[in-house]
Amino acid sequence: MSQYNDEDRCTTCARARFLDTRLQRRVPDTVWQHPEVRSAIAAWDFGRASRLIRERAKLRQDDMARMTGLSQGFLSMLEAGTRRLTSLDKVARFLNGMETPDALLPPPFRDHHAVLKPLPLPHPGPSAVDLPVATGEQTTDLYELATQAAAQSLQFAEAATRSNVSAVELEGLESRITRIATDYVHAPLYPLFHDLLSTRDQLFSLLSGHQPPGQTRELYLLAGTSCLLLAHASQNLGDQDAAVAQLQTAGTLAEHADHDDLRAWVKGTAALIAEWSTHRHAAFDYTQQAIRFAPVGETLVRTAAIGARAAARVGDRTTALAALKELEQAREQRTDPNGLTRFGGLLTFPEAKQEYYIGGTYALLGDHKRAEQHAAAAIYLYEMGPKEQRSYGDEALARLDIVTARIAAGEIEGAGEQLQPILELPVDRRIRQLGDAVQGVATLLEEPRFTRSRVARELADATRDY
């Protein structure tokens, strides 16, 4: 009898009863001689074994289901690789149901290895080198003990490697994050937000289950990245409290994943949120924390760009210019291939975005000539680059830097030319930061020096309700 045989008789008798009580087909003996079948069973790859046996025996999945007592749906997923045999009872049912030859059975399932009740260890005594040659009975006891220990180790290994997520599913989730990050910069936010929530919820659900440590770390990374994207989305929608909550969760998941690049992106995004809030002085501190986690590559370019603009926003010209110099140096450095930039889209910092941030820094410092040069470069790169990298929000903000520069120079008509595409931007592509910036332009147009300018009044009216 065996704990893996749920019948009230031994395995051999149970098989005999199956033959008497079920109308089932048999697996021809020639199938068991096939090297691939033998290899799959030996490797405990029962999904591949099921498919090979079924194809070579010309059986259907419902035939296999009747033979093994497993459902046809389960067998289908087993062969597809989306499910595994994670129970030794089911493994025994699968092997016994197909009448697997005893010689092919893994040791725990062979008839003469079936008893796995604990065996007493030999009584402590002299060391092995002092013992006389073991008797036949002692040798048998040790043999059975070794067999039991091997079966128990296999059970533990099976439990340790058991997973509620397949490699295919994990790759699919990473592809979804990649698609969302890519679409984020150029597609309307509302449909993406629901897709992002669905992906995050699935990741959270999987993390509540069991998987090997490597898969767990990858799930934490993907879940943290989804929360980072939700933080950006919440900020773009104008809900700063929601953005901070998502960012706190992303930071916790970054710690669980032990992923420095995610840590750096979380701190960098915290700086962005602080920059557009009443806590502007905290923004530069966040960028310094980010640099400790990602001291080189594209993530450092992003961090330095945010730091430059944050310092300029509070009037710290020296720090802002130093950060721009650091940005230029980081451009020449190699980017970590395992970093978040592998997801693309919003999680990259391309040259167009770099130019936009540099222009924005100079605009805040009052150097409008340089601001317009870099903003124009950003717009050109966005317009000429791949569609999936075109950030309409950043492109519009770059145009506003040109508008601001031209208003400062008194070129109202030139400012109007750059303002018109912003006013025509579809509502679903307008982000909260853009609305705030347009209101700043409206304030500039209402300065006393433009009181007699009809064009200035018309532009101010057009921007006031943006």
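**Charged pairs, helices and cores**

Author: Let us begin with charge: Arg60, Asp62, Asp63 and Arg66 are linked in a network of salt bridges. Please bear in mind throughout that the model is predicted.

Reader: How many salt bridges does the structure hold?

Author: Side chains of opposite charge can pair when their charged atoms come close. In this structure there are 30 salt bridges. One of them joins the side chains of Arg309 and Glu275, with an N to O distance of 2.7 Å. Arg309 belongs to helix H15 (residues 297-313) and Glu275 to helix H13 (residues 260-275), so this pair ties together parts 34 residues apart in sequence.

Reader: Are Arg309 and Glu275 buried or exposed?

Author: Arg309 has a relative accessible area of 4% and is therefore buried. Glu275, at 1% relative accessibility, also counts as buried. The side chain of Glu275 meets that of Arg313 as well, in a salt bridge of 2.8 Å, N to O. Since Arg313 lies in helix H15 and Glu275 in helix H13, this pair ties together parts 38 residues apart in sequence. Arg313 itself, at 21% relative accessibility, counts as partly exposed, because the limit for buried is under 20%.

Reader: Which side chain meets that of Arg449 in a salt bridge?

Author: That of Glu447 does, at 3.0 Å, N to O. Glu447 counts as partly exposed, with 29% relative accessibility.

Reader: Let us turn to helices. What span should the 12 residues of helix H20 have?

Author: Helix H20 covers residues 412-423, and at 1.5 Å a residue it should span 16 Å. The C-alpha atoms at its ends are 16 Å apart, which agrees with that expectation.

Reader: Which residues of H20 are buried, and which helices do they pack against?

Author: An α-helix has 3.6 residues a turn, so residues three or four places apart point the same way. In H20, the buried residues are Ile412, Gly414, Ala415, Gly416, Gln418, Leu419, Ile422 and Leu423. They pack against helices H18 (368-384), H19 (392-408), H21 (432-445) and H22 (454-464).

Reader: How many residues has the largest nonpolar core?

Author: The largest nonpolar core has 48 residues, and those with the most contacts inside it are Leu400, Ile422, Leu434 and Leu445. Neighbours within four places in sequence aside, Leu434 is in contact with Ala396, Leu397, Leu400, Ile422, Leu425 and Tyr466. There is also a second, separate core of 39 residues, which includes Val165, Tyr184, Ala257 and Val266.

Reader: How should I read the surroundings of a single residue? Where is Leu222 found, and what does Leu222 contact?

Author: Leu222 is found in helix H11 (residues 213-236), and its relative accessibility of 0% means that Leu222 counts as buried. Beyond neighbours within four places in sequence, Leu222 is in contact with Leu170, Leu173, Glu174, Ile177, Leu203 and Phe343. One of these, Ile177, is 45 residues from Leu222 along the chain, yet their C-alpha atoms are separated by 7.4 Å.

Reader: What can be said of a loop residue, Ser391?

Author: Ser391 is found in the loop between H18 and H19. Its relative accessible area is 10%, so Ser391 is buried. If residues up to four places away in sequence are not counted, Ser391 touches Val185 and Tyr382.

Methods
Residues are numbered from 1 along each chain as its sequence is written. This is a predicted model: local features need pLDDT of at least 70, side-chain atom pairs count only at pLDDT 80 or more; totals for chains, interfaces and linings use all residues. Side-chain values use heavy atoms; hydrogens and water are left out. A nonpolar core is a set of buried Ala, Val, Leu, Ile, Met, Phe, Trp, Tyr and Cys residues joined through side-chain atoms within 4.5 Å. Buried means under 20% relative accessible area, exposed over 50%, partly exposed in between (1.4 Å probe, protein chains only). Contact means heavy atoms within 4.5 Å. Helices (H or I, at least four residues) and strands (E, at least two) are DSSP runs, numbered from the N terminus. The expected span of a helix is 1.5 Å times one less than its number of residues. A salt bridge is a side-chain nitrogen of Lys or Arg within 4 Å of a carboxyl oxygen of Asp or Glu.
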